[in-house]
Every structure is written in structure tokens, then in C-alpha cells.
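Dear colleague,

Please find below the structure I am handing over to you. My notes on its strands and its nonpolar core follow.

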Amino acid sequence: VLPSGASIGAHRLGDRAQLLIVTAGEGLMEIDCERREVAQGDVIIIPPESERAVVNNSVFDLKFVIIEA
């Protein structure tokens, strides 16, 4: 859960890919300097070695599940 106004700063996870599934709310996802809006129901594939960040710019909690491979 990412509360309103909170963020997860830019970071890399090396050789691990991630699948991020948004289960509630909306916000911004940035992958390798490419920013896009995300919302409930979105599934985002984050490739290995990429830089990623998440921002909750809404008034509601942003909830998501992350699966690493």
C-alpha cells in the first residue's frame, strides 16, 4: 500500500524482472525515464536492469502486488 502523496524512489533490482499488478487506486509509474499513469487493473512488466519508481499522486491509497522473477 502506497498512501496518498507517497512514493517509492527510483531504484534498480539488477537481474530480476518484476510484474506489478495494480489492485486499487491510481498513480504514476516510471520505468527508465518513461512515465505513465497506472490504475486499478493495470499490469506492468518491469524488465531486469531497468530503473523504476512509483508515485501516488491521487487522494486515495495506491495498492499493488509485485511478483519478482
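An open sheet is formed by 4 strands in the order β1-β6-β3-β4, with antiparallel pairing. Strands here are DSSP runs (E, at least two residues; helices would be H or I, at least four), numbered from the N terminus, and two strands pair if DSSP finds at least two bridges between them. At the edges lie β1 (7-12) and β4 (34-39), each pairing on one side only. On average, neighbouring strands of this sheet are turned by 15° against each other, direction ignored; the axes are lines fitted to C-alpha atoms, with angles from 0 to 180 degrees between N-to-C directions. Strand β3 (residues 26-31) is joined to β4 by 6 bridges, and L28 stands opposite E37 in β4.

This is a predicted model: local features need pLDDT of at least 70, side-chain atom pairs count only at pLDDT 80 or more, and totals for chains, interfaces and linings use all residues. Residues are numbered from 1 along each chain as its sequence is written, and side-chain values use heavy atoms, leaving out hydrogens and water.

A further open sheet has 3 antiparallel strands in the order β5-β2-β7. Its edge strands are β5 and β7 (63-68). Between β2 and β5 there are 4 bridges, and L19 stands opposite I45 in β5.

The largest nonpolar core comprises 11 residues, including L2, V54 and F64. Such a core is a set of buried (under 20% relative accessible area, 1.4 Å probe, protein chains only) Ala, Val, Leu, Ile, Met, Phe, Trp, Tyr and Cys residues joined through side-chain atoms within 4.5 Å. Two or more core residues come from each of β2 (18-24), β3 and β5 (43-46).

With kind regards

Conventions:
Buried < 20%, exposed > 50% of the residue type's maximum accessible area, 1.4 Å probe, protein only.
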